[in-house]
Amino acid sequence: GYRPGGKRITWLLSLGAVATILCRLTLRSRLKIARPSVNRSRGTVPGVYRRGDIMQTRARAASPTTADGPKVVVCIADGSEEIETSGIYDTLIRGGVNAILAKVGGGDLKCKMSRGMTFVADTHLEDFKDNNCDMVVLPGGLPGAQAFANSPKLLSMLKDRKEKGEWYAAICASPAVVLEPNGLLPKSATCFPKLQEKIIGSISNDPSSRVVIDNESRVVTSQGPGTTLEFSVELLRILVGEEEANKVAEGLLIKSSL
């Protein structure tokens with residue numbers, strides 16, 4: 001039915017609703033805190049990549065290396081082992097070595113590692129025009145080792161180093177998958193325990209040692225992720241000497257000698 005003053009009441013209610021909305025908008029604008037815009041597209045930050053909720057970070061960071069330090073090529077490929085690759089690289093950097101991550105294989109410089117992480121190499125191995133370095137190091141990871149074994153460029157480098165008596169090193173699957181089938185395994189060596197049957201007929205020592213240095217052949221081999229830091233410190237001992245290697249080992253809280 002008709003209510004006296006109904007239009008007036010409706011008008012007042014509408015006016016009140018508008019006032020409430022304006023008040024809320026004013027309060028919200030006063031309390032609003034400016035937030036920096038974030039560009040989540042791949043490559044916003046150098047060396048950092050986003051895909052869904054997975055962050056992938058570039059392996060190389062600021063380091064104390066100098067151009068005058070020993071030059072070491074650390075090979076990397078799709079399927080290389082994360083702990084071994086990063087442990088070798090990091091330890092060498094700490095010792096002042098000019099460590100270079102070189103991708104074996106085509107495509108861009110990114111490598112999807114054996115457990116799904118993505119590392120970004122510094123260069124492609126194919127870009128090396130000569131064998132001018134102090135050491136070549138091969139991390140493990142079975143798919144990565146198989147990629148190494150299928151690389152004519154890498155095998156040529158390693159065979160050249162063997163012929164000249166220059167140092168190279170391999171860990172985990174790489175001694176069995178890369179070195180042994182190509183006549184690059186020294187008389188004293190080791191590798192990942194489950195692959196030791198592949199090398200047992202080619203060596204003269206007990207392969208149970210965590211790190212084996214064959215000074216005659218100038219080859220260093222080791223067993224796997226858990227022996228990475230010991231392996232890397234021994235590489236430093238060869239490259240920069242006992243004193244510096246011991247300093248790095250002490251900083252890493254590991255034994256300075258085997």
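Figure 1. Cys-172 counts as buried because its relative accessible area is 8% (buried means under 20% relative accessible area, exposed over 50%, partly exposed in between, with a 1.4 Å probe and protein chains only). The model is predicted: local features need pLDDT of at least 70, side-chain atom pairs count only at pLDDT 80 or more, and totals for chains, interfaces and linings use all residues. Residues are numbered from 1 along each chain as its sequence is written, and side-chain values use heavy atoms, with hydrogens and water left out. Cys-172 sits in the loop between strand 9 and helix 5 (helices, H or I with at least four residues, and strands, E with at least two, are DSSP runs numbered from the N terminus). Its phi is positive, about 65°, although Cys-172 is not a glycine.

**Figure 2. Strand 9, covered on both faces.** Strand 9 spans residues 168-171. Tyr-168 and Ala-170 lie on one side, Ala-169 and Ile-171 on the other, and all are buried. In a regular strand the side chains alternate between the two faces of the sheet. Strand 9 pairs with strand 8 (residues 135-138) in the parallel sense, over three bridges (two strands pair if DSSP finds at least two bridges between them). Here Val-137 stands opposite Ala-169. Strand 9 also runs parallel to strand 11 (residues 219-222), joined by four bridges. Ile-171 has Ser-222 of strand 11 as its bridge partner.

Figure 3. Strand 3 (residues 71-76) pairs with strand 8 in the parallel sense through three bridges. Val-72 has Met-135 in strand 8 as its bridge partner.

**Figure 4. Helix 2 against helix 6.** The axes of helix 2 and helix 6 are 9 Å apart, and the two helices pack at an angle of about 35°. Their crossing is right-handed (a crossing is left-handed if the near helix is turned anticlockwise from the far one by less than a right angle, and right-handed if clockwise). From helix 2, the contact uses Ile-83, Glu-84, Gly-87, Ile-88, Thr-91 and Leu-92. By class, the contact of helix 2 with helix 6 has nine nonpolar, four polar and one charged residues (Ala, Val, Leu, Ile, Met, Phe, Trp, Tyr, Cys and Pro count as nonpolar, Asp, Glu, Lys and Arg as charged, and the others, Gly among them, as polar).

**Figure 5. Helix 6 against helix 7.** Helix 6 (residues 228-240) and helix 7 (residues 242-251) have axes that come within 7 Å and cross at roughly 150°. That makes the two helices roughly antiparallel (angles under 35 degrees count as roughly parallel, over 145 as roughly antiparallel, 65 to 115 as roughly perpendicular and the rest as oblique). The crossing of helix 6 and helix 7 is right-handed. The contact of helix 6 with helix 7 divides into six nonpolar, one polar and three charged residues.

**Figure 6. Leu-253, an exposed residue after helix 7.** Leu-253 lies in the segment after helix 7. Leu-253 counts as exposed because its relative accessibility is 77%. Its phi is positive, about 65°, although Leu-253 is not a glycine.

**Figure 7. Gln-196 in its loop.** Gln-196 belongs to the loop between helix 5 (174-179) and strand 10 (211-214). Its relative accessible area is 15%, so Gln-196 counts as buried. Leaving aside neighbours within four places in sequence, Gln-196 is in contact with Thr-190, Cys-191, Pro-207 and Gln-223.

Terms used:
Axes fitted to C-alpha atoms, helices over the stretch in contact; angles between N-to-C directions. Contact = heavy atoms within 4.5 Å.
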